[in-house]
Amino acid sequence: MINIFFSSITSSIIVISFGILLSQFFFNKKIINIDPCIAGLNGFILVGFLSLLLNFFFPINKILGTLFLFVSVIIFTYYLFKIHNKKQLILSIIILSVSTFIIIALSNINRPDAGLYHLPYVSIIQENKIILGLTNLHYRFGHTSIIQYISAIHNNYLFKKEFLNLPLASLVSFFFYFLFKNFLKFLKENNETKIVSVFFISIFSLYSFNRYSNYGNDAPANIFFLVIIVYLIRIQNYQTLNQKKFFQISILSIFLVTLKPFMTLVLIVPFILFLLSKNKDKIIKNKNFYICFFLLAIWFIKNILISGCAIFPIKKTCVKSLDIYNEKITNIASTEAEAWSKGYPDSDKNLKFDEYISNFNWTNTWFDNHYKKVEEKLLPLVICLLLFFIKNFFQKSFYSEFNLNNLFKNKNLLFVILFSLCCCIFWFLKFPVYRFGLSFLSSFLILLFVYLFSSVKKNYSKKFYYIVIIFGLIGFYGKNINRILSNENIVYSNYPWPKIYTMGDNSKNLEKKFLKINDDKNNFIFYYSGGQECMYSKPPCSNYRNENLKLKKIYNYIVYYL
């Protein structure tokens, strides 16, 4: 257990260190004091893009990971001597590490996706440079996230391989800290609109992200979407938005795209902010403008190299003339993914995938089945909002202060609501699975409620907010501590870390012996898992056996093609 705690401290130092670098060189911010939550969230961005960029030329192996670790320690030590808030920073890291430890100890991985393609992809990039045509081995590799790159670079000689599990848990800790810091800031400003917004986002997040096994690639995307929402409601005037805030939102939006392809819609935010800005010339002349384009470009290039598509499996973004492009796999991935998200397994399956998702044929099945889950998950939030509404409704000030004309004065909040509504509509039309759209739905409901009653004084004491937040934290950490105590006697291969080698509890076989697939000339192609999850095993591994798959090398780069 102690190993997890010290590993958590190290993981926090890594992201904070690189977050400081991003703040200084991207935002030109003088480092006098360090805000751990901002530095940490920014650190995930820089670590992810650096790992991605390095993988164009090198495997993300232990040598690279160890060098990366040493660089982060040097950066952290250098700035620790320069800043004023040393004690506060160290205390924050300890608190964040305790939180991460509680979240991750004796947890399960995200099932089955982690075993099917998250962990196998991490294993692949730790031993190989970018593999061209990788989706020909397994189409799910086209759905991977930059989180896999962040996990991969947590691979070094000083810590166990399980160290790769930490970024996900650490991210949630930094996110909660970020919400709490903003909540305190808004309390000092006495801005009730912002207070209530972040209050409900915090309560909803504590409820929604209470299990490590549910995180996968979806939780980081939802977390950073909510981070952008908080940044947007902090802005006083979009037209006079300074360049630092503009580029903070821009790089967050780009990072969101690399977390989940369906977050591409978020790019509309910096685009609109740019159109509204009075400083367009200064923004265009700023080096960060071109850095943002470069970061987005290398992600799309990576996607094209492994799948033939800039955004897999959207066919309009594919370069069909490439040898690595596989139209059949792309079509299957496109229609099958959308059909399953729209409830195809719950239908009578008389229709083909493309027929099922066309002309809203899916809506009846979806409303009869998955909608109930959406309703169930959002019900606690709706109840809380209704309780607040009822309390406001019976205040005398409600009738004297509520004015429809005042609603249109808060144009900034209205913009954020319309943006979140667009995201909800897009989610419903394309991928209406709750875990994909929980941040869209929750932010829309919360901000709509806040907007409708923004002209009414809430009359809630600070004590009330603190009590509810404290109970939320007790519920979150209490549930996870109870899980640790309940599972502490379970023995498995990499106890007490989340299982990365096997789905079972008692297996001691760390290295799975999968079937080695060779071509006609007896050249190795990949490991076939026999249909089960590959987990974190020898790469490259797939649970699909494609008899037509071929391999060649171009300038020492592996290429899969059919």
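The second largest cavity holds about 80 Å³ of space. A cavity is a set of points, on a 1 Å grid over the protein atoms alone, where a 1.4 Å probe fits but cannot get out. Its volume is the space filled by probe spheres set on the points, which are joined across faces, edges and corners. This is a predicted model, in which local features need pLDDT of at least 70 and side-chain atom pairs count only at pLDDT 80 or more, while totals for chains, interfaces and linings use all residues. Residues are numbered from 1 along each chain as its sequence is written, and side-chain values use heavy atoms, with hydrogens and water left out.

Lining residues are those with an atom within 4 Å of a point. For the second largest cavity they include Gly 142, Thr 144, Trp 299, Phe 300 and Phe 312. Helix H13 (residues 287-307) gives the largest share of this lining, four residues. Here helices (H or I, at least four residues) and strands (E, at least two) are DSSP runs, numbered from the N terminus. By class, the lining has seven nonpolar, four polar and one charged residues. In this scheme Ala, Val, Leu, Ile, Met, Phe, Trp, Tyr, Cys and Pro count as nonpolar, Asp, Glu, Lys and Arg as charged, and the others, Gly among them, as polar.

Phe 312, one of these lining residues, is joined to Pro 313 by a cis peptide bond with omega of about 5 degrees. Pro 313 is placed in the loop between H13 and helix H14 (327-341). Most residues other than glycine have a negative phi, and most peptide bonds are trans.

The lining of the largest cavity has ten nonpolar, six polar and no charged residues.

Helix H7 (residues 166-189) also packs against helix H1 (residues 2-25), at an angle of about 70 degrees and with the axes 10 Å apart. That angle makes H1 roughly perpendicular to H7, a term for angles of 65 to 115 degrees. The axes are lines fitted to C-alpha atoms over the stretch in contact, and angles run from 0 to 180 degrees between N-to-C directions. Among the residues that meet are Ser 8, Ser 12 and Ile 16 in H1, and Pro 167 and Phe 174 in H7; contact means heavy atoms within 4.5 Å. The contact of H1 with H7 has five nonpolar, five polar and no charged residues.

Phi of Asn 190 is near 60 degrees, a positive value in a residue other than glycine.

H7 takes part in a further space as well: the largest share of the lining of the second largest pocket, five residues, comes from this helix. A pocket is an open set of grid points with protein on both sides within 12 Å along at least five of seven lines. The volume of the second largest pocket is about 490 Å³. Of its 21 lining residues, Lys 29, Ile 38, Tyr 231, Arg 234 and Lys 245 are the closest to the centre. By class, this lining has seven nonpolar, five polar and nine charged residues.

The strands remain to be described. An open sheet of three strands has the order E1-E2-E3, with mixed pairing. Strands E1 (515-518) and E3 (541-542) stand at the edges with a single partner strand each, so one side of each is left without a neighbour in the sheet. E1 and strand E2 (residues 524-528) pair in the antiparallel sense over four bridges; two strands pair if DSSP finds at least two bridges between them. Leu 515 has Tyr 528 in E2 as its bridge partner. In the loop between E2 and E3 lies Pro 540, which a cis peptide bond with omega of about -10 degrees joins to Pro 539.

Strands E4 (residues 550-554) and E5 (residues 557-561) pair in the antiparallel sense over five bridges. Lys 552 has Val 559 in E5 as its bridge partner. Two residues lie between the strands of this hairpin, where Tyr 555 takes a positive phi near 50 degrees.

How values were computed
Parallel < 35°, antiparallel > 145°, perpendicular 65-115°, else oblique.
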